[in-house]
Amino acid sequence: MRNKGIIRTFAIAMALVCLYQLLFTWKTYTAEKEAEKYATIIDGENTTVDYDKKNRYLDSISNEPIFNFLGLRKYTYKECKGREINLGLDLKGGMNVILEVSVADVVKALSNYSIDPTFNQALADALKMQQNSTDDFLTLFERAFRAIDPNAQLAAIFRTPELSDKIKFDASNSDVINVLRKESKSAIDNAFNIIRSRIDKFGVVQPNIQQLETAGRILVELPGVHEHERVKKLLQGSANLEFWETYENQEVFNYLLQANALIKEIADAKKATESVISATTESDSTGQAVVTQEPESQDGLLGRLSQPDDSLKSATDTLQNDALNDPLFSVLKPHQYQGQLLEGSVVGMSAERDTAKVNSYLALARSRKIFPENLRFIWAVKSWKDPKTKKETNLFELHAIKETGRDGRPPLGGDVITDARADFRQQGGSAAEVSMTMNHEGAQTWARMTKENKGRCIAIVLDNSVYSAPRVNDEIPGGRSQITGDFSINEATDLSNILKSGKLPAKATIIQSEVVGPTLGTESIKAGLISFAMALIVVMLYLAFYYSNAGLIADTALLVNMFFLMGVLASLGAVLTLPGIAGIVLTLGMADDANIIIFERIREELRAGKGARLAVADGYKNAYSAIIDGNVTSFLVGLVLYVFGTGPIQGFATTLVLGILTSLFTSIFISRLILERMLDANKTIKFSIPATANIFKNAKWDFIGFRRKGYAISLTIIGIGLISIIVQGFNMGIDFTGGRSYTVRFDDAVNTQDLQASLRTAFENNAPEVKTFGSNNQVKITTDYLMKEEQDPEFTANVDSIVEARLYEGAKPLLKDGTTSEQFRTENLMGAQKVGASIADDIKVNAVIAVILSLIVMFFYIFVQFRDWQFGLGSVISLLHDAIIMLGLYSLLYKIMPFSLEIDQHFIAAILTVIGYSINDTVIIFDRIREYVALYPKRDIKDVYNQAINSTLGRTMNTSLSTVFVLLIIFIFGGEMIRGFAFAIMVGIFVGTYSSVFNAAPLVYEFLKKKKEKKEIAK
């Protein structure tokens, strides 16, 4: 081998760099173990870790040196942390969210909140279209605007004082849209910087914040974060601070009485109509049911709803008013005490789980013009605290806001705030508050507002939630104000940081999120490491068994490969996920392929009578083309996965691509260096043991003659799968359908049917899917409850909190007695995932594009390499065969298997992985066919094809078996989160091996045979 010195020098340099990079991971690991030991709480036999205490310990050593590199440089914990191997959320716990900045809000602001009916209708139509479209919002808006009025001019709406220098009065709609695109891009960049500033102040180690290709979407990954609700508020808070005048409770109550009567009338009419339809008497004798009611008097209703003095102690219970007589007041408790309405802007209280229903009732009443035009209802940001027990309840106050301006904007906004800070309340108590300072203009407006509203409340609203509504006693000059609300110091700090970071240019909504608890992350690491260690041992034993001491050389190359791969991952700052560990483990199986190809070639040369040194040289030389072709195809599939995948799938693709590169280097160069060194030392190298020496040596199976039976077997299996797909369909994951998924762990075994029945009631007859997930005390709950309502811009409730509250309610009968909602979130809720409808559509489109693009890339690569389109077509048909069979099996088995077989991103990754593996297998056979056709031009083409396939059986079976062994270990020991993923690839390996031998090569034989016959006829 030439250039041994260069290769040896490069290998040594590579090893030193990898060792240097991995030392940072080791140092941070030891520091974090010390922190965990410090934060461990031992209570008898129970041991728990206080993660807040652990994080405080790590914060305290953040700038302390923990690594002294050869006395040349000292690295702090923070610096080491930035250079370690990054663990993904599924291994470390934390949050992964995709935020979407509302371009509709940006457009509305750019129009100076125009009241033009065509403009506002186009906005509403575009928002509806966006739910089922992958086009960007501005494209949809332009389309909707043109559909409403083809002659309308956007320049008339957007030629505001701010945009007058950019939009001419005669500008075309296309020109205006281009300006809006630039302005929207600027607003989104601003939002990105504001969100980054908030995260930096939050103090997360190694956050990943990046803008995605789709306009307005921002990815935020926060490893190790456990305060999920706090982070959601921090990310979604637009810092849209508003000061509003309010209605008094007494002024609004009669309107609520009328709304209650209206809702009851509609319900009674619906009930009467249903009775008419179901009655056995003739419909014309019954007549149409029409109910007209007078609203009950204020005194009458309050008298019925008045409670004893001690009734407030049960305020956390679900309201028990008669839903038939008082539909609105059954979910909205009037703000009264002993039959008397209380003063202030609060008009009622509702349990968190009922806030959505209250919103729908109030929207219905508003549509019937019951409320004044300038009356708005806004919920309080925090639950109500019982004044007697001083404990928080599950009730939220509803405030009545008075809109005094024509355009629906507040008299005073947050843009006047010049400073904000967290303080402790000056007069008694330990609760924190946020003190604000206003500029001159704001101070004047604030003084006027407080002067005009003496004796009334002014609501301080942030992001459409009331933080406080103090009663004004006198005019407040000087532009100083406070936001109070029984905040903790963390809440007050976050709020002040949000205000100081600046207002987002538009609302930011979480459209996809994944939360992994620390317990689940620790279990995933353990499962991943066990599967990795066992797979490594099995593969090394298999190679040593089959190839004798040459197998030990391959084992050495394999260990070097793993070392290089981990070092490169650390050097690049790549994120290691659980699928990424699966990618590393799969690399073990695929890394053997190059060694197996080389060793099989060397064995052929030895059988031909060549000496050991010449056999090694020729074996490597003849194996190069097959190795390069096979690995390039897998590399291309890995690139497609990386480009079109997200999160964990990108982690899998990263390790797969890097693994292919390190495998090539170690298999081709490291193993050869060792072999030639042993030959130079006159050591005996064996490439087999007696039991494996002659396996497949004299194989003479007629694969081409069997081809029609092979086609029939394939078509039969595909037919059964297609019937199942048509009749039974798939178990679609929320990646493709949208929805929410929760992993919940109970103390005892759970009956999924009982849990589903309880959740159905909690989710208002919306039946969730409940499946055992791993052990019989852990379940995965999937639901689309309130997903459609969340898409409605008018639906302002905190949907995530409502769904979690109802999840707790449904799971409560099966939880340990006394489990609170907070304990449920921290101890039982192991993980949560949410995928919005719009991003689910994008994922589906990307999945289809990824598969189709992979097939196209494979076709052209094979076509270029083998110079015949027939090779490309044969390989693509074979790959389609593999994909369809995998889809059919998933459809057939998803109701039978005891583990999840969802069609999601992991399944698409599995299909693409199988495509890469199968094409690798196919290329090896094609390469041998090409070689034999050139060597034996006068032989019958059928015999040449059979001989080529038979000569590669040793490599085909060894690679397949070693890979299947690895996948079987991942399947058994890798954990529930990737069990379905491993199953899909394992099935795909069997199917791909079969199709390479019995479909791909025979199809090329058929195509080239017909081509030859046509040429002969033409002559």
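Which hand does the crossing of H19 and H29 have? It's right-handed, meaning that the near helix is turned clockwise from the far one by less than a right angle. Before going on, a word on the model: it is predicted, with local features needing pLDDT of at least 70 and side-chain atom pairs counting only at pLDDT 80 or more, while totals for chains, interfaces and linings use all residues. Residues are numbered from 1 along each chain as its sequence is written, and side-chain values use heavy atoms, leaving out hydrogens and water.

Back to the helices. H19 covers residues 612-644 and H29 residues 905-935, and they pack at about 160° with their axes 8 Å apart. That angle makes H19 roughly antiparallel to H29 (the label applies over 145 degrees). Contact here means heavy atoms within 4.5 Å; H19 contributes residues including Ser625, Gly630 and Leu641, and H29 residues including Ala909, Gly916 and Arg930. Sorted by class, the contact has nine nonpolar, eight polar and three charged residues, with Gly counted among the polar ones.

Now hop over to isoleucine 726, which sits in helix H21 (residues 707-727). Its relative accessibility is 72%, so isoleucine 726 counts as exposed (over 50% with a 1.4 Å probe, protein chains only). Glycine 888 is 162 residues away along the chain, yet the two C-alpha atoms are separated by 9.8 Å.

Finally, look at strands E1 (residues 40-43) and E2 (residues 46-49), which pair in the antiparallel sense over four bridges; pairing takes at least two DSSP bridges. Isoleucine 41 stands opposite threonine 48 in E2. The hairpin has two residues between its strands, and glycine 44 takes a positive phi near 65° there.

Methods
Axes are lines fitted to C-alpha atoms, for helices over the stretch in contact, and angles run from 0 to 180 degrees between N-to-C directions. Angles under 35 degrees count as roughly parallel, over 145 as roughly antiparallel, 65 to 115 as roughly perpendicular and the rest as oblique. Buried means under 20% relative accessible area, exposed over 50%, partly exposed in between (1.4 Å probe, protein chains only).
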